[in-house]
Amino acid sequence: MKNFINNIPKAELHLHIEGSFEPELMFKIAQRNGIKLKYNSVEDLKKEYSFNNLQEFLDIYYEGAGVLINEQDFYDLTWAYLEKAHEQNIVHTEIFFDPQTHTERGIEFSTVINGIHKALEAGKTKLGISSKIIMCFLRHLDESEAIKTLEQALPYKDIIVAVGLDSSEVGHPPNKFERVFEKAIRKGFLTVAHAGEEGPTEYIWNSMKLLKVARIDHGIRAIEDDELMKQLATTQMPLTVCPLSNLKLKAVKKMEDLPLKVFLEKDILATVNSDDPAFFGGYINENFQAAADALALTKEDIAKLAENSFRASFLDSETKRARVNEVKEYYEKNK
Ligand code: ADE
Ligand code: ZN
């Protein structure tokens, strides 16, 4: 099973580039930029990686991102993720970035996007990984800040495929961002949103109704609402599930409680992703493996999840078809 998971071609659709910041690279870049981290060593920092909820994680995540200053830093961060993705047979990735985490500290929007974009371009030519960029608004900040951020993104419309919504979910419902999403859609962006990670099912419904999302990020609390489960299946609304994240942030008590197998049984377009792999103990293959172990996933389930990752992607329909066929061929050869 381990080899089957490792070698199956797959897409990653829920990855915060700032969440792929490994402690070793964080210390290296901090030193390069003359910034003193709150922690004395990589080991001390890693000791902090124990979280009771999303907010406890976000506090450390934003602090780590604070050492990213120059375009080269964003390039190095993205390149390190791409090398890992390549090792794990990710052939397509759609990554999130949080511009406000950086612009709030006085870093230019262009510094952030150019560093990430150049690394992704190198990922295409050197590693054969195709990619898309999704810009997330921080939902704990005001709508007016999100509107400013959308305006900063307009010159980069050709390299940012979609806008999303992340950060502290509870208390920051989708309707807070209805107008900025409407404007983003008018400007030609696709939309996605984190919903139902910690927040109620109402946030999933309203992400679909008000924000017109093409995918729901996480969405695991959909399991609490039968009508919503039916709606997700009927509309084939993708869910980007992140098993280790949900476990480490205690969105589920134990991996056995993750509703991933149920989603597949109910014909919901669920996918497996790593969210913030440097913080949660694993990249995409470790996420597949952890879910497979706890939920007794079969090779057929794994192949279905890999197939779903391409179906749910923002690739063009011809490429999607070709990738889905690759997964099917892989399954037939290796089942
Ligand atoms: N930002 C980075 N990871 C996140 C997550 N799992 N939920 C919300 N915001 C995030
Ligand atoms: Zn996320």
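Colleague: Which residues surround ligand 1?

Modeller: This is a predicted model. In it, ligand 1 is surrounded by His16, Leu54, Phe57, Leu58, Tyr61, Asp166, Ser167, His194, Glu197, His218, Asp275 and Asp276.

Colleague: How does that shell split by class?

Modeller: The shell around ligand 1 has four nonpolar, four polar and four charged residues.

Colleague: And which helix gives the largest share of the shell?

Modeller: Helix H4, residues 54-65, with four residues.

Colleague: What lies 2.7 Å from a nitrogen atom of ligand 1?

Modeller: A polar side-chain atom of Asp276. For Glu197, an N or O atom of the side chain is 2.8 Å from a nitrogen atom of the ligand. For His16, the distance from a side-chain N or O atom to a ligand nitrogen is 3.4 Å.

Colleague: How much of ligand 1 does the protein bury?

Modeller: The protein buries 100% of the 260 Å² that ligand 1 exposes when taken alone.

Colleague: New topic. How many salt bridges does the structure hold?

Modeller: The structure holds 19 salt bridges. One of them joins the side chains of Lys84 and Glu87, at 3.9 Å from N to O.

Colleague: Why can side chains like that pair?

Modeller: Because side chains of opposite charge can pair when their charged atoms come close.

Colleague: Where do Lys84 and Glu87 lie?

Modeller: Both are in helix H5, which covers residues 71-87. Lys84 and Glu87 are three residues apart there, about one turn of the helix.

Key
Residues numbered from 1 in each chain as written. Chains lettered and ligands numbered in written order. Predicted model: local features only at pLDDT ≥ 70, side-chain atom pairs only at ≥ 80, totals over all residues. Heavy atoms only, no water. Near = heavy atom within 4 Å. Polar contact = N/O pair within 3.5 Å; in protein donor to acceptor, adjacent residues only side chain to side chain. Areas by Shrake-Rupley, 256 points an atom, 1.4 Å probe, with all protein chains shown as cover. Helix = DSSP H or I, 4+ residues; strand = E, 2+ residues; numbered from the N terminus. Nonpolar A, V, L, I, M, F, W, Y, C, P; charged D, E, K, R; others polar. Salt bridge = Lys/Arg side-chain N within 4 Å of Asp/Glu carboxyl O.
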